[in-house]
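Hi,

Here is the structure I promised to pass on. Have a look at the aromatic rings while you read, and keep the viewer open.

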Amino acid sequence: MSETTNTNEEKKKPPLNGRRAFPSNNSNDEENEVPEMEAFGLIPRGFNPKDYLRVVDINVFKEPHEINKQQHHTDKYYSPKLIVRRGQPFQIQIDFSRPYRPETDQFWLEYLIGRYPQQNKGTYIPILVGNVLKPGEWGAKITHKENNTIRLSIMSSATCIVGKFRLYVAVWTPFGILRTHRNMATDTYILFNPWCPQDAVYLDDEKEREEYVLNDVGIVFHGNINDIKLRSWSYGQFEENILDACLFLMDKAELELSGRGNPIKICRVASAVINSRDDNGVIAGSWDNTYTYGVAPSAWTGSVDILLEYYSSKQPVRYGQCWVFAGVFNTFLRCLGIPARLITNYSSAHDNNANLQLDFFLDNEGKVDTKLTKDSVWNYHCWNEAWMTRPDLPVGFGGWQVVDGTPQETSDGMYRCGPASVQAIKHGHVCFQFDAPFIYAEVNSDIVYQRREKNGTQVIEKIDTTHVGQLILTKEVGGDGMMEITEEYKFQEGSEEERLALETAVMYGVKKQTTQDTTYQPQTDVDMEFQVQKAVLGSDFKVTITFRNRSRNYYTVTTYLSGNIVFYTGVTKNEFKRHSFSAKLGPLSSSTFEVVIKSSEYLSDLLDQASFHFFVTARINETGKILAIQKATVLEIPALRIK
């Protein structure tokens with residue numbers, strides 16, 4: 001029997017379940033029918049819509065040289081549609097059938113996205129015309145009136161959904177609402193806005209925005225630590241249809257439209273959909289040198305062909321390796337307006353069992369036993385960093401976040417990785433989501449070589465603490481050179497702070513494990529407290545670290561303190577204080593140590609509304625156990641008394 005289009009329509013509808021009144025709204029592509037006349041009741045016979053205000057034309061100033069794309073830094077997109085960034089005003093013009101009379105005429109704008117628009121989900125946005133625009137909130141005001149034409153300035157919310165919206169203009173009449181018909185020409189793409197201080201992806205440096213959002217070419221460092229090679233990569237985020245392809249990736253990942261204003265969620269689902277494992281995502285990986293029926297990973301020179309092929313075929317594109325996943329991921333992020341960069345880590349560890357060390361098992365001849373050894377070290381591995389605030393974490397962990405689209409290990413049941421705060425990784429605070437222990441191991445795990453004796457006992461032959469994560473690079477801002485960012489991920493190799501951070505990571509990272517031999521026993525007989533004296537702008541202030549030894553033992557502790565300046569958004573600007581010391585703790589006693597923070601140490605870096613974020617990490621040397629605290633504190637501004 002031949003299928004009619006009708007049954008096809010039926011098939012598309014997701015089954016309703018008992019818990020939600022609306023089906024899931026996770027496609028930006030699907031639409032609903034919007035009535036052009038929404039009657040309030042019976043319409044009297046003499047009613048003629050032409051008697052009322054009628055929209056004749058809408059101009060959204062969408063050409064690359066016109067005001068909107070110029071002001072919103074979207075003039076490079078090869079697209080005939082309007083593309084704006086959220087939290088920043090844009091202009092449109094409406095021509096009516098007669099002059100608009102504010103006393104009697106009432107009209108409003110409606111932006112809709114997806115098939116089931118709902119106001120409380122941010123997928124149906126009615127905008128009334130008012131007198132003022134509030135920064136970062138939806139609104140519209142008339143800026144110009146002439147004859148039958150008005151000009152509107154429209155502000156979008158700094159947290160609104162990122163995607164393609166449909167625009168309708170609605171006019172109120174006593175008998176019902178009259179709407180403009182569906183007009184594709186006024187479709188409006190709304191993107192993330194790194195230029196807007198209220199946006200979660202706000203980046204305060206213009207040179208960095210030009211590099212990490214607007215640059216459509218880049219360099220991938222590869223090779224190995226003794227022979228660094230580079231290849232150029234074309235991101236092509238502004239090319240024709242790439243924006244639609246990137247929005248399609250979120251549809252493919254079935255991310256609810258209401259979650260698409262959140263860069264954390266978008267990065268997390270994108271890291272899964274970039275690879276083809278478990279969801280038929282964009283790129284199929286292949287590491288065995290046979291690339292039949294596909295393109296060898298080293299033959300790609302950019303992301304555009306891959307994304308366009310996937311967008312049209314909906315089938316994984318063959319083949320990729322780490323830099324291909326990272327190159328395409330970078331295109332996706334920059335295209336949506338999330339600042340992003342591609343990172344290369346030389347001697348990158350792949351910790352198979354998340355114990356934060358690499359276990360290399362040796363056979364009787366001292367060679368690595370490949371059957372037993374599951375962990376591995378790659379010459380290099382590429383991933384991405386995306387810039388955003390992390391309101392889901394404590395203050396101080398915003399800024400660069402690691403995201404990785406290469407399928408290595410599963411996370412919550414899928415091949416994905418991140419976002420994980422680079423700052424949290426540096427200090428070993430890997431308890432903060434997502435996947436920080438795995439990334440920590442990639443840049444700073446120890447390699448433990450062990451041999452099994454004849455009687456079955458494991459003997460540790462040697463521990464290599466410096467091999468993993470020897471060099472971490474990205475392309476410099478505004479040029480083609482390399483910029484080393486190893487220091488962002490780890491303290492100086494071999495330093496006391498680096499060891500303490502590693503041990504902190506092991507403490508936080510291995511706790512989750514249930515296998516008996518690795519359960520972490522914390523130090524229960526020593527407490528550490530950290531107090532910050534009230535900090536007033538321009539004055540020195542003290543921080544105190546107190547150890548309470550409740551045991552009858554003498555202990556010695558090795559401690560480091562790191563002080564960082566943080567934007568009010570929770571993003572770290574830089575470290576302004578580093579201090580290490582050793583101390584003796586007598587039995588059954590408290591010991592207090594003061595560290596003075598001088599105003600000269602923090603004043604040069606200060607930002608308005610800034611706060612401080614401190615890490616204190618201590619090791620009890622006799623037991624090897626770690627105590628760790630991180631705490632944020634606000635700087636008080638002295639009151640001005642004017643006499």
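Start with Lys314, which sits over the face of Phe248, 4.6 Å from the ring centre. There's another charge-over-ring contact to look up: Arg277 lies over the face of Tyr415, and here the distance to the ring centre is 4.0 Å. Bear in mind that this is a predicted model, so please read everything below as computed from that prediction.

How many aromatic pairs does a search of the whole structure find? The search comes up with 30. One of them is Tyr100 with Phe107, an edge-to-face pair with 5.3 Å from centre to centre and 85° between the planes. Are Tyr100 and Phe107 buried or exposed? Both are buried.

Phe581 belongs to strand S30 (residues 572-585) and Phe593 to strand S31 (residues 589-597), so the pair ties together parts that are 12 residues apart in sequence. What about their surroundings? Phe581 has a relative accessible area of 16%, so it is buried, because the cut-off for buried is under 20%. Phe593, at 22% relative accessibility, is partly exposed.

Last, there's a group to pick out in the viewer: Phe530, Phe541, Phe576, Tyr602, Phe612 and Phe614 make up one aromatic cluster.

Cheers

Methods: Residues numbered from 1 in each chain as written. Predicted model: local features only at pLDDT ≥ 70, side-chain atom pairs only at ≥ 80, totals over all residues. Heavy atoms only, no water. Phe/Tyr/Trp six-rings, centres within 6.5 Å; stacked < 30°, edge-to-face > 60°. Buried < 20%, exposed > 50% of the residue type's maximum accessible area, 1.4 Å probe, protein only. Helix = DSSP H or I, 4+ residues; strand = E, 2+ residues; numbered from the N terminus. Lys NZ or Arg CZ within 6 Å of the ring centre and 35° of its normal.
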